[in-house]
Amino acid sequence: MIHLSAAEMATRLSAGETTSVELTQKHLDRIAAVDADVHAFLFVNNEGALAQAADIDAKRAAGEKLSPLAGVPLALKDVMTQKGVPTTCGSKILEGWLPPYDATVVTNLKRNGIVILGKTNMDEFAMGSSTENSAYGPTHNPWDLSRIPGGSGGGSAAALAAFEAPLAIGTDTGGSIRQPAAVTGTVGVKPTYGGVSRFGLVAFSSSLDQAGPCARTVLDAALLHEAIAGHDPKDSTSINAPVPQVVAAARSGDVKGMKIGVVKELNGDGYQSGVRTRFEESLELLAAAGAEIVEVSAPNFEYALAAYYLIAPSECSSNLARFDAMRYGLRVGDVDGASAESVMNLTREVGFGREVKRRIILGTYALSSGYYDAYYGSAQKVRTLITQDFNNAFEKCDVMVSPTCPTTAFKIGEKSNDPIAMYLNDIATIPVNMAGIGGMSLPSGLAPEDGLPVGFQIMAPAMKDERMYLVGAALEAALLTKWGAPLLSKIPALVGK
Amino acid sequence: MTSLSRDDVANLARLARIEMSDEELVNLSNEFTVILDAVARVQEVAGADVLPTSHPLPLRNVFRPDVVVPSLTPEEALSGAPAQEESRFRVPQILGEEA
């Protein structure tokens with residue numbers, strides 16, 4: 001039963017063929033069986049999940065009208081607050097913290113009766129592309145346990161690929177939903193900025209952060225998208241407009257006459273050959289489904305990575321100032337006579353990991369007097385140019401596409417001492433965050449040379465999120481026909497578990 | 001080529017309120033030579049006529065109705081406090097001793 005899609009699980013629940021308690025228990029059993037190998041979870045909420053499931057079952061038995069995903073379990077990235085449940089953001093500085101409130105995403109999940117199994121592993125404060133920056137140890141890719149599951153949301157993506165949960169929540173600042181989806185053979189969507197509330201999402205880079213759905217199918221992602229999206233008065237950057245009709249789009253998958261723009265600059269040199277093979281094949285399938293493939297150019301995308309690694313650290317150096325050891329979280333060095341400043345210094349030394357410190361210092365430098373215009377100011381101008389590139393390209397096409405990442409999953413430890421090599425993972429995903437538009441990654445097959453999953457990225461204009469689901473559903477259907485079974489049925493690791 | 005000396009990094013660490021060992025300062029100083037070289041590319045492209053973008057949405061002055069809604073109780077607000085006293089956060093000494 002754990003191998004079904006979330007939509008199929010929901011159908012069985014509403015038909016009375018299973019209960020949420022049974023479904024939830026099966027997933028908890030699966031977690032108990034495989035998570036010692038995968039380490040997707042930082043906290044498994046056995047009692048809380050089963051209590052929530054029992055509550056849904058009782059409501060269903062009483063004939064209450066329930067949401068489409070009611071009773072289906074989900075894994076929550078540990079960057080989202082959940083009342084009374086440990087929330088660490090993968091950091092020692094929040095070890096043991098129990099938030100006194102729910103994130104709006106969590107409120108929406110609970111309102112829809114979606115059962116929260118636990119909190120998933122991540123790079124500390126979502127800074128990373130491999131989940132190796134978690135203070136609690138790395139997550140392993142279910143396709144090959146010696147490889148990274150992507151990051152920062154590697155735990156959420158690995159939980160899906162290992163069938164520990166059919167749905168998950170991720171957050172995407174520079175690709176943290178899409179890149180893990182690509183390297184684990186799962187689906188991940190970064191909605192339009194402002195489409196999903198950031199209230200209760202522990203901030204990394206406020207103008208880039210966006211929560212979104214992770215799943216194993218495009219339809220499941222759409223169902224979860226509609227469950228969590230919508231205006232929230234508690235988030236001043238939340239868009240006050242109707243949620244795009246993504247479920248209808250995912251059910252339709254009709255791309256006849258749609259113009260699909262291939263981004264010239266996000267292909268070729270630096271992209272692994274198997275990644276390019278799968279990308280070209282996906283374009284052929286979309287053309288066969290009736291879409292028109294055109295080439296578009298985005299000449300300023302080559303500056304996106306440099307701009308991102310100024311803007312995100314700048315915003316993080318400000319956002320993470322809140323971890324000051326005064327009101328919650330870790331406090332170190334509070335001995336008699338110690339000053340507040342020395343307690344802050346010592347707490348932040350012990351509480352933050354290497355990458356977080358690196359970015360805070362870089363951001364502090366980029367924002368400092370005398371360097372502000374040259375670094376942060378120039379990066380903001382690049383942001384304008386990237387947005388203009390998107391606007392120009394969208395005059396010639398309905399969606400833009402590219403490989404999600406230049407390579408398949410690399411080995412744990414392979415790039416951990418080379419920050420620049422690590423940052424290059426995000427070269428194709430970052431432009432979307434800079435412009436605040438939507439981006440999806442879905443599996444496009446395995447690279448012939450290493451047998452590892454490759455992701456196909458679809459980008460749509462702001463608040464046109466349904467277009468990603470139209471194209472994603474069309475490609476998913478064509479690939480399923482070609483393969484004869486979902487990609488994850490070919491997963492070699494964890495066999496026999 | 002921009003570089004940051006060990007002392008430059010030490011000053012930034014002080015501003016960011018992070019205690020750092022000498023080894024960390026030297027490592028970061030070396031890494032920043034490479035990182036700053038990579039990110040300095042942003043200076044090559046945009047002319048003076050390009051306006052900066054700080055945020056993807058053209059929002060300003062977003063308000064919600066000024067209505068009192070339930071909020072955290074003092075117990076909830078203090079539930080994560082490293083130290084508390086008389087329903088308040090207890091913090092280390094902030095000001096110097098009075099003369």
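Which elements do the buried residues of helix 1 of chain B pack against? I looked this up first.

**Ground rules.** I am working with a predicted model, in which local features need pLDDT of at least 70, side-chain atom pairs count only at pLDDT 80 or more, and totals for chains, interfaces and linings use all residues. Residues are numbered from 1 along each chain as its sequence is written, while chains are lettered from A and ligands numbered from 1 in the order in which they are written. Helices (H or I, at least four residues) and strands (E, at least two) are DSSP runs, numbered from the N terminus.

**Helix 1 of chain B.** I found B:Val9, B:Leu12 and B:Ala13 buried in this helix, residues 6-15. Buried means that 20 or more other C-beta atoms, placed from the backbone, lie within 10 Å of the residue's own. Seen down the helix axis, these buried residues fall within an arc of 100°, so they line one face of the helix. The arc is taken over the directions from the helix axis to the C-beta atoms. The answer to my opening question is helix 12 of chain A together with helix 2 (22-39) of chain B. After helix 1 of chain B I noted B:Arg17, whose phi is positive, near 55°.

**The side of chain A that touches chain B.** I then turned to the contacts between the chains: 58 residues of chain A are in contact with 44 residues of chain B. Contact means that the C-beta atoms, placed from the backbone, lie within 7 Å. On the chain A side, the elements giving two or more residues include helix 10 (304-319), helix 12 (354-366) and helix 13 (373-393). Helix 13 of chain A gives the most, with 12 residues. I read the division of this side as 32 nonpolar, 16 polar and 10 charged. Ala, Val, Leu, Ile, Met, Phe, Trp, Tyr, Cys and Pro count as nonpolar, Asp, Glu, Lys and Arg as charged, and the others, Gly among them, as polar.

**The sheet of chain A.** I traced an open sheet of 11 strands with mixed pairing, in the order 1-3-2-4-6-5-10-11-9-7-8. Two strands pair if DSSP finds at least two bridges between them. The edge strands, each pairing on one side only, are strand 1 (41-44) and strand 8 (292-296).

**Around strand 7 of chain A.** Strand 7 (residues 259-263) pairs with strand 8 in the parallel sense over five bridges, and A:Ile260 has A:Ile293 as its bridge partner. On strand 9 (residues 399-403), which runs parallel to strand 7, I counted three bridges to strand 7. There A:Gly261 stands opposite A:Met400.

Technical notes:
Two residues are in contact if their C-beta atoms, placed from the backbone, lie within 7 Å. A residue is buried if 20 or more other C-beta atoms lie within 10 Å of its own, exposed if 12 or fewer, and partly exposed in between; C-beta atoms are placed from the backbone.
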